[in-house]
Amino acid sequence: MKYATLFLFVLTASLLRGQQPIPEVEELLSRMTVEEKIGQLNLLTPGGGAVTGAVVSTDVEAKIKAGQVGGLFGLAGPDRIRTAQEYAINETRLGIPLFIGSDVIHGYKTTFPIPLGLASSWDMALIERTAQIAATEATADGINWNFSPMVDIARDPRWGRIAEGAGEDPYLGSAVARAMVRGYQGDDLGADSTMLATVKHLALYGAAEGGRDYASVDMSRLKMYNQYLPPYHAAVEAGVASAMTSFNDVEGVPASGNEWLLTDLLREQWGFEGFVVSDYTSINEMTNHGLGDLQAVSALSLSAGMDMDMVGEGFLTTLPQSLEEGKVTEEQITTACRRILEAKHKLGLFEDPYRYLDTLRPARDILTGANRAVARQAAASASVLLKNDAGTLPLSRDTRIALVGPLADSQNNMLGTWAPTGELSEAVTIRAALDTLLPDVTYTYAKGANITDDTTLAKNANVFGPRVEIDERSPDVLLEEALAAANQADVVVAVVGEASEFSGEAGSRTELTIPESQKKLIRGLVNTGKPVVLVLMSGRPLVITEEMDLPLSILQVWHPGVEAGNGVVDVLYGNYNPAGHLTASWPRSVGQIPVYHSMKRSGRPAPNKGAPFQKFVSNYLDVPNAPLLPFGYGLSYTTFAYTDPQLNSETVRMGDSVRVSIEVTNTGELAGEEVIQLYLRDVVRSVTPPDKTLKGFTKVMLAPGESRRVTITLSPDDLKFYNADLDFVAEPGTFEVFIGENAEDERNMVSFELLP
């Protein structure tokens with residue numbers, strides 16, 4: 001076929017799919033061989049960065065020179081990347097530049113709190129700013145493609161990757177997804193400080209059975225559309241450039257070979273125009289799922305809508321034979337290649353393949369004072385005050401402190417899971433922050449306990465380096481030192497919780513309590529009679545039923561990032577009034593999982609809170625149904641009162657918006673921020689409704705005694721749901737609206753009627 005005829009063909013095809021063809025891409029495609037097109041579908045790693053599978057690519061340099069590589073990840077630094085890019089530009093027939101990808105999950109070198117912590121700020125502007133800084137730093141180091149945001153809804157804290165997402169709620173998760181895509185990609189992908197974002201993991205990965213990573217998922221489409229798919233869809237609507245498939249199956253077909261998921265839903269229903277990349281060897285792993293050998297699953301994946309094969313090289317090694325045997329078509333290969341080339345064009349790589357390789361930028365743009373200031377703000381904003389026994393917090397500078405706990409001075413655990421680009425040596429611990437920020441504060445430090453005394457658990461958590469270090473001293477000696485320090489102090493600050501690698505990928509756990517080694521320390525400290533403040537670090541909701549019953553205060557700080565100590569000390573001493581609220585419910589016990597705020601009522605609902613126990617209703621014999629700490633929960637050093645909820649109308653026509661307002665007053669003595677949350681209950685509808693769903697929130701700062709009327713608007717879409725036919729509809733009837741401090745706050749309820 002002549003080039004002009006071929007160009008006319010692809011032009012027609014592009015118009016039919018609703019996209020404007022890119023002339024430079026189409027001209028390049030017309031000159032490419034099938035082998036060169038397949039080469040663009042191959043994503044490799046030399047193994048220098050985050051490696052989350054058993055395979056590391058071999059002969060990478062030779063494959064680049066042979067035109068068999070479309071992108072690399074695990075490579076950073078302008079000089080190193082320039083060498084790889086020069087191979088692609090100068091050593092291949094067509095000189096097509098490479099993608100350079102990376103897992104920049106919660107910051108690059110300036111590491112922010114883990115995503116579950118960032119989401120707890122409920123501050124979309126801050127979250128967008130952290131993504132923007134991450135993009136600026138990563139692109140300064142030559143990286144142009146990010147495998148983030150992870151937007152999987154997670155309702156099982158046994159699953160370690162709950163740390164990487166925004167929690168249990170699709171409305172909040174969608175807001176976070178949009179903010180992160182905006183932060184990474186900005187308004188111009190051609191700018192040298194923005195990068196391609198990747199929404200992951202498509203789809204349902206957070207619902208893995210048993211909370212066990214990589215396990216199977218099984219759910220109805222009704223549940224998918226209403227509860228699990230919205231954050232992915234939100235990222236697509238925000239213009240995300242790429243999507244990564246999940247390891248699990250969806251309706252019995254692995255996501256990496258699921259045509260309904262990758263073509264029918266993603267492209268045809270949602271209008272996604274970017275490219276799809278597999279997760280690490282997930283195409284190859286379809287063989288373990290039982291779908292055939294490498295050739296079979298690679299052909300299945302391409303036909304389903306996959307564009308790029310991460311590390312597995314099944315496309316590279318089997319697609320030529322599958323093409324010859326008629327198992328795939330050249331049009332499918334060309335379509336996938338076109339999507340890759342279009343993304344490279346949007347990045348400006350054809351115009352200047354070295355645009356991200358300015359050797360002056362790393363020193364200028366990475367780990368700057370301004371960036372660290374945002375990280376410090378984020379660490380404080382992510383903190384959630386769970387309990388303030390006897391008003392112990394904030395601390396006074398003239399109070400003598402016993403600083404104890406295995407995480408009080410552990411640089412290796414400040415950044416949190418999935419921080420492969422961070423520098424542990426740059427992390428500020430709580431002890432270091434006290435020395436720097438408050439040199440006049442008198443304190444005594446003692447480790448007090450190991451993170452765990454379980455050597456097997458410690459070994460499993462230390463795959464990426466020493467996160468759990470078991471002291472040469474005996475647990476009894478450690479405890480004695482801590483108790484001696486406590487007895488000499490006015491207040492005890494105990495920094496306890498999980499090692500960073502207790503959560504994250506392949507970080508599933510069945511025991512979610514604070515490890516017993518630390519529980520012994522906590523009990524001993526309480527028994528001294530001194531006020532105790534737990535600074536709790538974790539990558540997930542924990543079971544802290546015992547600790548909530550003890551006379552102590554609890555500040556949940558997650559794993560706070562590079563400025564951990566400075567941000568946490570800001571909160572402890574009242575330089576920042578904590579305003580974080582939980583984005584995942586905290587269970588009373590592991591046996592209660594899953595527990596989340598939008599669960600459906602049964603035909604035999606449990607009695608209301610405080611009512612006597614009843615038999616033959618949906619409840620437990622030993623604990624209440626409600627979580628220990630509900631979604632949206634968080635305290636402050638001040639108090640807030642909500643009064644006079646109002647609607648703009650008690651009857652609403654289909655298609656109209658609803659304005660809900662309430663007066664909020666700071667009734668305490670300190671200025672503080674409050675996260676005002678709106679929940680909606682659809683009382684009667686054609687498919688069973690959840691008890692209530694989050695449909696709006698806003699964060700306001702109020703001075704002591706200040707009152708403000710806050711209005712949240714419900715759009716017509718906020719009243720809709722997917723019905724049994726998967727149509728997105730609103731149905732006439734009664735809606736109850738709750739505005740308050742968390743998902744269980746039902747003090748301020750108003751209702752309206754939706755009319756046809």
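**Exercise 1. Explain why α20 and α21 count as roughly parallel to each other.**

Solution. Helices α20 and α21 are roughly parallel to each other, because angles under 35 degrees count as roughly parallel, and the axes of α20 (residues 475-487) and α21 (residues 516-527) cross at roughly 30° while coming within 10 Å. Axes here are lines fitted to C-alpha atoms, for helices over the stretch in contact, with angles running from 0 to 180 degrees between N-to-C directions; helices are DSSP runs of H or I with at least four residues, and strands are runs of E with at least two, numbered from the N terminus.

The model is a predicted one, in which local features need pLDDT of at least 70, side-chain atom pairs count only at pLDDT 80 or more, and totals for chains, interfaces and linings use all residues. Residues are numbered from 1 along each chain as its sequence is written, and side-chain values use heavy atoms, leaving out hydrogens and water.

**Exercise 2. State which residues make the contact between α20 and α21.**

Solution. From α20 come L479, A482, L483 and A486, and from α21 come K520, L521, G524 and L525, where contact means heavy atoms within 4.5 Å.

**Exercise 3. Describe the open sheet that contains β5, β6 and β9.**

Solution. Begin with the order, which is β5-β6-β9 with parallel pairing, two strands being paired if DSSP finds at least two bridges between them. Next, β5 (198-202) and β9 (275-277) are the edge strands, each pairing on one side only. Finally, β6 (residues 242-245) is joined to β9 by three bridges, and S242 has F275 as its bridge partner in β9.

Definitions and conventions: Angles under 35 degrees count as roughly parallel, over 145 as roughly antiparallel, 65 to 115 as roughly perpendicular and the rest as oblique.
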